[in-house]
Amino acid sequence: MILSLVVLVAMIAMILFDVLPFGMPPIACCVLIVIFGSLFGSQMTELPKAWDISYAFAGFTNNTTWMLAFFMVILAAIQKTQMINKVKDVMTKLVEKGGFKSYVMLLIVVMLGASILGMGSTAFYVLIFSLVVTMPYSDKLPSSKLVLPLGIASNHPLIPINVALQYGVAVSVLAASGLQEGITMVQFAIVTFFLSAGFLVWAIIGYKFLPSHPVAEPTVENAAALAGEGPAAMASWKEVATILAFVISIVAMMFVDTLGQLSYIIPGAAAIFMLLIKVLDFNEFRDNLFSPIILMTAGVIPVANALADSGLSTLVGNTVAGFIGTGIPPFVLLVIFTVLCSTFACFTGSQVGIVMIFAPLAIAVCQGLGYNPMAACVAVTLSGWAGHYMPIDGLPAMAYGMGKYTMVEFWKFTIPQYIVRILFLCAGALIVFPM
């Protein structure tokens, strides 16, 4: 347990203080696991598995890791299609029209785009910001009323068909916690819809709280993002093949309980097909297959396994459960852990790493209290992508700067939005997975 705690603290410290590039802290901890296993292996005979190389790097032979890795390749291919351009064309017309109805329609258009590209697509939110700041100022629909809500809308799929990354993280959390019971992608998507619905409700209400002023001038980066009408047009048959590969991969992952191993490997076949028809070159294939997010996902699995196998997760879960008592309502418990996870993720910018720290803990506490842990697993996982109330990293920082907001203006919209989303998320998780 002590060694597991050292590994966990080391990973947290490296993530919080940016000691290593994103994706590498868990890999460094996998190396540390092997070192500890070699030095103290004789004292660890009570563990079901030795801390050897195969144990420390088991994340790279995990079904979900490879499913996600191949799907990242598919996402890179789908972003080369003209889908983003079509979203951009619709947005341009709505901004020119102006008015509150156009604002609501813009939210829906961006959230539909997020349905295809998934939560946390950097390319998508950069494009959204770039488009908004190049629009001329209009009293009918000021750009300052668009930058913040549309930027965050790019993180909330209205029809959650592409939740593969977050779903994969949740499955990894369950596996690392030693739970055999699973969750389906359909169940996960329903909870994701509650999160998106919470955002949409507040974004509509919060329109009147957004300021009316010009935003930042277009930059060189904005111009580059919009130059050349986005991705170069590919042959129509390639575009159809890419979209078909994307749809097949999504459907395969949704029916994992029926298809079994095929569900995990169909995205791999689709990804290789993208390489064969030259939608992607080998460098693009490789860089997405082994992207930092995949290294992070594969690396945290053995760390979580070490916590579970040593009994540390159970000990902490039972201790926390005993401290808070059995009288705490499940909804309040979910709110506590989702707030903790989303806050740490907001301040560090490391969603996957933080989720892999807090989700197993939430599961252990639920088990200690005799609650069904599935709601906690899904809610805490999704909360990692539900911060945005501080302009510190990535999307919220860019929105704050481009929108030329004061902190008061920023918080008037983001703090109530954060609260509403967390409440909707926890309610949705409990509806889908009663505790």
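The legends below describe close-up views of a predicted model.

**View 1. The nonpolar core around Y103, L150 and I183 in the predicted model.** The largest nonpolar core comprises 148 residues, and within this set the residues that touch the most other members are Y103, L150 and I183. For I183, once its neighbours within four places in sequence are left aside, the contacts are with Y167, A170 and L174, together with F188, M374, V378 and F433.

**View 2. The largest pocket and the residues at its centre.** The largest pocket has a volume of about 990 Å³, and its lining is made up of 48 residues, among which G120, T122, I293, Q351 and W385 lie nearest the centre.

**View 3. The largest cavity and its lining.** Rolling a probe the size of a water molecule over the atoms shows where empty space is left. The count of cavities of 30 Å³ or more comes to 1, and the largest cavity holds about 40 Å³ of space. Its lining consists of T64, M67, Y167, V171, M253, V256 and Y264, and the elements that supply two or more of the lining residues are α4 and α9. By class, the lining of this cavity has 6 nonpolar residues and 1 polar residue, with no charged residues.

**View 4. The cysteines C29 and C346.** The model has 0 disulfides when a pair of cysteine sulfur atoms must lie within 2.5 Å to be counted. For C29, the closest cysteine sulfur is that of C30, at 7.3 Å, which is too far for a bond. C29 is buried, with a relative accessible area of 0%, and C346 is likewise buried, with a relative accessible area of 8%; both cysteines are classed as buried because their values fall under the 20% cut-off.

Conventions
Residues numbered from 1 in each chain as written. Predicted model: local features only at pLDDT ≥ 70, side-chain atom pairs only at ≥ 80, totals over all residues. Heavy atoms only, no water. Core = buried A, V, L, I, M, F, W, Y, C linked by side-chain atoms within 4.5 Å. Buried < 20%, exposed > 50% of the residue type's maximum accessible area, 1.4 Å probe, protein only. Contact = heavy atoms within 4.5 Å. 1 Å grid on protein atoms, 1.4 Å probe; cavity = no way out; pocket = protein on both sides within 12 Å on 5 of 7 lines; lining within 4 Å. Points joined across faces, edges and corners; volume = space filled by probe spheres on them. Helix = DSSP H or I, 4+ residues; strand = E, 2+ residues; numbered from the N terminus. Nonpolar A, V, L, I, M, F, W, Y, C, P; charged D, E, K, R; others polar.
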